[in-house]
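Dear colleague,

Please find below the structure that I am handing over to you, with its sequence. My notes on it follow.

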Amino acid sequence: MAIRPILTVDADMATLKQVSSPVEGGVTDELRALMDDMLETMYAAPGIGLAAIQIGVPKRIIVMDIEGPDQPKKPRYFVNPEILEASEELEPYEEGCLSVPDIYDEVERPAKVKLRYLDYDGNEVVEDAEGLYAVCIQHEMDHLEGVLFIDHLSRLKRDRAVAKVRKAARPAA
Ligand code: NI
């Protein structure tokens, strides 16, 4: 396993805006090695979710662990995830993103979703998600479409967020 650099909006916006391609041919050992790297990278950040495009790989793959810091690890892996149903009821949550460091803002999303995806072993899973799980999977699935959580904010807030990340990334003169 290896920790990969995480792309951020100051330097890598063009890559982060890419639409990721579906994985063809099922879940191979090569893909599992990529997911292992993604998980290690996410834990090291630390974060609770990571999409492959955030390490520059435009494939529809997500890793996640939404257990608290004092809980046993519970990694989740999603290959080619789809949302089959979304509740009409929306819920706000203050989101952040490893690609938009130190920026947090409220985003409203469907409170519950029904998902279909392939897991680490390549088995198809259909599952309901709510609470933080629903927030996180929708946030990560946005990444697969080249959408960042700041794209859900007003234009002004979005531009401010990107400017703030750029400023923080610039080496002091
Ligand atoms: Ni993110």
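Cys136 is buried, at a relative accessible area of 5% (buried means under 20%, exposed over 50% and partly exposed in between, with a 1.4 Å probe and protein chains only). Please note that this is a predicted model, in which local features need pLDDT of at least 70 and side-chain atom pairs count only at pLDDT 80 or more, while totals for chains, interfaces and linings use all residues. Residues are numbered from 1 along each chain as its sequence is written, and side-chain values use heavy atoms, with hydrogens and water left out.

Cysteines. The cysteine sulfur closest to that of Cys136 belongs to Cys97 and is 10.0 Å away, which is too far for a bond. Cys97 is likewise buried, with a relative accessible area of 11%. A search of the whole structure returns 0 disulfides, a disulfide being a pair of cysteine sulfur atoms within 2.5 Å.

Pocket. Cys97 is also among the residues nearest the centre of the largest pocket, together with Ile48, Glu95, Gly96 and Tyr104; the lining comprises 19 residues. The pocket volume is about 380 Å³. Here a pocket is an open set of points on a 1 Å grid over the protein atoms alone, where a 1.4 Å probe fits, with protein on both sides within 12 Å along at least five of seven lines; lining residues have an atom within 4 Å of a point. The volume is the space filled by probe spheres set on the points, which are joined across faces, edges and corners. Strand 4 (90–97), strand 5 (100–110) and helix 3 (131–144) each contribute at least two lining residues. Helices (H or I, at least four residues) and strands (E, at least two) are DSSP runs numbered from the N terminus.

His139. This residue is located in helix 3 and is buried, with a relative accessible area of 6%. Leaving aside residues up to four places away in sequence, His139 touches Glu95, Gly96, Cys97, Arg109 and Phe149, where contact means heavy atoms within 4.5 Å.

Five strands form an open sheet in the order 1-2-3-6-7, with antiparallel pairing; two strands pair if DSSP finds at least two bridges between them. Strand 1 (49–51) and strand 7 (124–130) are the edge strands, each pairing on one side only. Strand 3 (residues 76–86) and strand 6 (residues 112–118) run antiparallel and are joined by 5 bridges, and Ala86 stands opposite Val113 in strand 6.

Yours sincerely
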